[in-house]
Amino acid sequence: MSDRAIRSVAIIGAGPVGCALATLLRRQGLTVDVFERRPESAGGGSGHSFNLTLTSRGLDCLPRSVKRRLYLQGAVLTKRIIHHRDGAISTQPYGTADAHHLVSIPRRVLQDLLRDQALRSGAEIHYERACVDVDTARPAVLLRDRDGATSWVEADLVVGCDGANSAVREAIAAKHPGELLVTSETIAHGHAEITMDYADADPTGMHLWPRGDHFLQAQPNRDRTFTTSLFRPLDGDARSPRFAGLGSPDAVADYCATEFPDVFDRMAGVERDLAGRRPGRLRIVTCAPYHHGRVVLVGDAAHAVVPFFGQGVNCSFEDTATLAALVEKARFTAGAHAGDTAGAVVAEYSDIRVRAGHALAELSLRNLEELSDRVDSSSFLARRALERRLHEVHPDLFTPLYQLVAFTTMSYDTAQRVHAELSAALDEVCAGRDPVAERDAIIGDFARLYGGAGSRASHAC
Ligand SMILES: Cc1cc2nc3c(=O)[nH]c(=O)nc-3n(C[C@H](O)[C@H](O)[C@H](O)COP(=O)(O)OP(=O)(O)OC[C@H]3O[C@@H](n4cnc5c(N)ncnc54)[C@H](O)[C@@H]3O)c2cc1C
């Protein structure tokens, strides 16, 4: 291997993650070329229309100017608004401080902001150049253009930001069997967007209709429209999945009138939305390590998670910040890596991020049950209220899981472990007691038992 610092980077994929990384690396003065399979008119990104929610974990990894524009163009959500079966409505704050909110943004808006920022920073985006192979040692990427012609492009570092079906990941796995452990699972639930006229609803919360093994979600936009999605189990074969039991327009109308009577008359066209179109499938892809030679995977290419924690792109932006910081650090420790700066950087990145990605995959899948079923149950609500109060009174002793995941920089795996310990401790204190009637006594006992220095609970942030 030649002795060289990282001066040039080839990024595969001009989705939100490829564009965000391009900006961070350009700011260090590196030469950055981004190669995107789709034509310029299609922009980048997966092509889906759904909204994304960003939290401080991801937002704080973006350039300040992008963050400012996201707040101008997005909707700030401070709570879940639960529409119960009996018609009652309840709310659950996302956290305990003003900073504990989501920014809901149409995917296209996020994509355009990040692409414009990358171009302004001096990155070059080359459209209609699809990655079809990689050489991890040189490193280099084989690109096919619109006419089918192929050519190798070399750089000091190659980064795969080409999404859940990553060609970079597949090429590495195929050429180096057993060296990249990849798993891919399609879950039973699918999703579809429903057109719903809901303009008079509260625009500061995520509206949810939990209904057992499925749920409806209406996510506010800045212009007071809502992006509404149904998440529900699928049947049929993999190539033409259907929502189970919703094969005909009549079945769809019956279902919606029964399950969501409060908003059924606002869903003009729901029969077409649910019976006439194929629902989207949801996949979990895990991979370890995230690198081979001088090629590295970032974003969904490394870890595609189901969207039930709303953290996929937040985690991906954290990837970009981690990788950019390691590249920068390497510039100041030149010579320390025996000639393979890029190899050392991507190995360290992988070490840090693989555990986080795997933990997020688990947390996200577990949250499906919470959104479909548990947010509707009185015992769940009582426990969450107790946890919130405990955090308000003793913020150094206990932090609710949602807050740890969405609003801190604690790595997802640490958040998962810390919360499991805290939750078990709280279970012990709560055993046989009523969390509503005995709330203050439980909190007092928890603080007495776990408040000492070095106790399990004092690991919380
Ligand atoms: C229904 C749903 C809802 C979601 N909601 C949220 C949410 O609320 N909050 C959140 O944080 N996350 C959410 N996510 C996750 C989020 O969408 C992803 O984490 C994010 O899009 C990942 O971005 P990416 O740039 O890595 O990949 P992508 O957006 O898939 O972009 C990949 C890019 O690479 C290009 N490409 C692909 N193959 C090649 C190739 N061979 N050569 C060149 N270019 C190529 C593609 O054209 C595309 O432009 C959701 C996901 C789903 C499915």
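**Cysteines and helix pairs in a predicted model**

Biologist: How far is the sulfur of Cys-315 from the closest cysteine sulfur?
Modeller: The distance is 9.7 Å, to the sulfur of Cys-61, which is too far for a bond. This is a predicted model, in which local features need pLDDT of at least 70 and side-chain atom pairs pLDDT 80 or more, while totals for chains, interfaces and linings use all residues. Residues are numbered from 1 along each chain as its sequence is written, and side-chain values use heavy atoms, without hydrogens or water.

Biologist: How many disulfides does that leave?
Modeller: The count is zero, a disulfide being a pair of cysteine sulfur atoms within 2.5 Å.

Biologist: Is Cys-315 buried or exposed?
Modeller: Cys-315 is buried, at 0% relative accessible area. Cys-430 also counts as buried, at 12%. (Buried is under 20%, exposed over 50%, partly exposed in between, with a 1.4 Å probe and protein chains only.)

Biologist: Which residues of H8 touch H9?
Modeller: Cys-315 is one of them, and others include Glu-318, Leu-323 and Lys-329. From H9, the contact (heavy atoms within 4.5 Å) includes Val-345, Tyr-349 and Arg-353. By class, this contact has nine nonpolar, three polar and five charged residues.

Biologist: How do the axes of H8 and H9 cross?
Modeller: The axes of H8 (residues 312–332) and H9 (residues 341–372) come within 10 Å and cross at roughly 155°. H8 is therefore roughly antiparallel to H9, since angles over 145 degrees count as such, under 35 as roughly parallel, 65 to 115 as roughly perpendicular and the rest as oblique. Axes are fitted to C-alpha atoms over the stretch in contact, with angles from 0 to 180 degrees between N-to-C directions.

Biologist: Turning to H1 and H4, are they roughly parallel or antiparallel?
Modeller: H1 and H4 are roughly parallel. The axes of H1 (residues 16–26) and H4 (residues 107–121) come within 8 Å and cross at roughly 30°. Their contact involves Cys-19, Ala-20 and Thr-23 of H1, among others, and residues of H4 including Leu-110, Leu-114 and Ala-118.

Biologist: Where is Ser-56 found?
Modeller: Ser-56 is in helix H2 (residues 56–59); helices are DSSP runs (H or I) of at least four residues, numbered from the N terminus. Ser-56 counts as buried, at 18% relative accessibility.

Biologist: What does Ser-56 touch?
Modeller: Leaving aside residues up to four places away in sequence, Ser-56 touches Ala-406 and Phe-407.

Conventions: Helices (H or I, at least four residues) and strands (E, at least two) are DSSP runs, numbered from the N terminus. Ala, Val, Leu, Ile, Met, Phe, Trp, Tyr, Cys and Pro count as nonpolar, Asp, Glu, Lys and Arg as charged, and the others, Gly among them, as polar.
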